[in-house]
Amino acid sequence: MRAVISAMPAIVATVLAVTTAMFGTWDRAAAHPHVWVTMKETVLYENGAIAGLQQAWTFDELYTETAIEGLDKNGDGKYSREELQELAQVNIDGLKEFDYFISAKLGDANLTFKPPTDYWLEHTDDGILTLFFTLPLEKPVPADAKGFSFSVFDSSYFIAFNFAEADPIKLGAGAPSNCKPAISEAQPEPDNDLQNLNDAFSSVMGDGGTVNIGSSRAVAIECAKS
């Protein structure tokens, strides 16, 4: 079990320890979300090109409560950026193994990112933890290039990524006025185990309730002809 935890990013390792104590050993058959992340994405522009993606990931209350335990070093009841700096670093280091759960494409070609920059954690007065970080593209993409898209998705279904209801995608300064983001739903390949999990969770939700575990939503930048 220790090997499993050490192989996972910090944003799931602490919660995994908690859920293991409650539900037993975690494995593929029990792969349903244990961490919920609400995302806001900003597409960054520089010198007439798409330069990277800025992330703002807000975690659920259970993860927040577990992650910040013992980090209020001065005992003032607040969690400063400095107090959360080490946790932010651990998260960023752990996410590297999973490519930060982010993929980007230009048409059918996969794009690569440079190491993350400008990362920090913020704890708000309402008790929620948000991780901010920027992923610069290895090679910037022309702002009006056709077929640029990206997605944020955990294929293990341990982390549920969902876009924020308000302003989930923004285009940063320098974006062409004729471009806008478009979000599309994309389902992964059929998976019997995953379907069984979906059915089981829908059953728990009661009549009319549905839970869709493992869906992936892609964001494309569409630019109208000027």
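Before moving on, a word on what is on screen. This is a predicted model, in which local features need pLDDT of at least 70 and side-chain atom pairs count only at pLDDT 80 or more, while totals for chains, interfaces and linings use all residues. Residues are numbered from 1 along each chain as its sequence is written, and side-chain values use heavy atoms, with hydrogens and water left out.

**Stop 1: the whole chain**

Colour by pLDDT, the predictor's confidence in each residue, from 0 to 100. The chain averages 78, and 71% of the residues score at least 70. Now select residues 187–191, where the pLDDT is below 50; this stretch has eight contacts in the model beyond near neighbours in sequence, a contact being heavy atoms within 4.5 Å. Select residues 197–214 as well: pLDDT stays under 50 there too, and the model has 24 contacts for them beyond four places in sequence.

Switch to a surface view. The accessible surface comes to about 12800 Å², 50% of it belonging to carbon and sulfur atoms (Shrake-Rupley method, 1.4 Å probe; for residues, only the protein chains shown count as cover). Of the 226 residues, 42% are buried, where buried means under 20% relative accessible area, exposed over 50% and partly exposed in between (1.4 Å probe, protein chains only). Among contacts with a separation of 6 or more, 69% join residues 24 or more positions apart.

**Stop 2**

**Stop 3: helix H4**

Which residues of helix H4 are buried? Select residues 85–95 and look for Leu87, Ala88, Asn91, Ile92, Gly94 and Leu95. They sit on the same side of H4 because they cover an arc of only 165° around the axis, taken from the directions from the helix axis to the C-beta atoms. Turn to the other side of H4 and you find Gln85 and Glu86, which are exposed.

**Stop 4: the disulfide**

The structure holds one disulfide, defined as a pair of cysteine sulfur atoms within 2.5 Å. Select Cys179 and Cys223, whose sulfur atoms are 1.9 Å apart. The link is right-handed, with 105° about the S-S bond. Cys179 lies in strand S10 (residues 179–186) and Cys223 in strand S11 (residues 216–223), so the pair ties together parts 44 residues apart in sequence. Cys179 is buried at 8% relative accessibility, whereas Cys223 is partly exposed at 26%.

**Stop 5: two loops**

Go to Thr112, in the loop between strand S4 (109–111) and S5. Thr112 is partly exposed, with a relative accessible area of 49%. Leaving aside neighbours within four places in sequence, Thr112 is in contact with Leu137 and Glu138. Its C-alpha atom is 6.2 Å from that of Leu137, 25 residues away in sequence.

Finish at Asp125, in the loop between strand S5 (117–123) and S6. Is Asp125 buried or exposed? Asp125 is exposed, at 82% relative accessible area.

Definitions and conventions. Helices (H or I, at least four residues) and strands (E, at least two) are DSSP runs, numbered from the N terminus.
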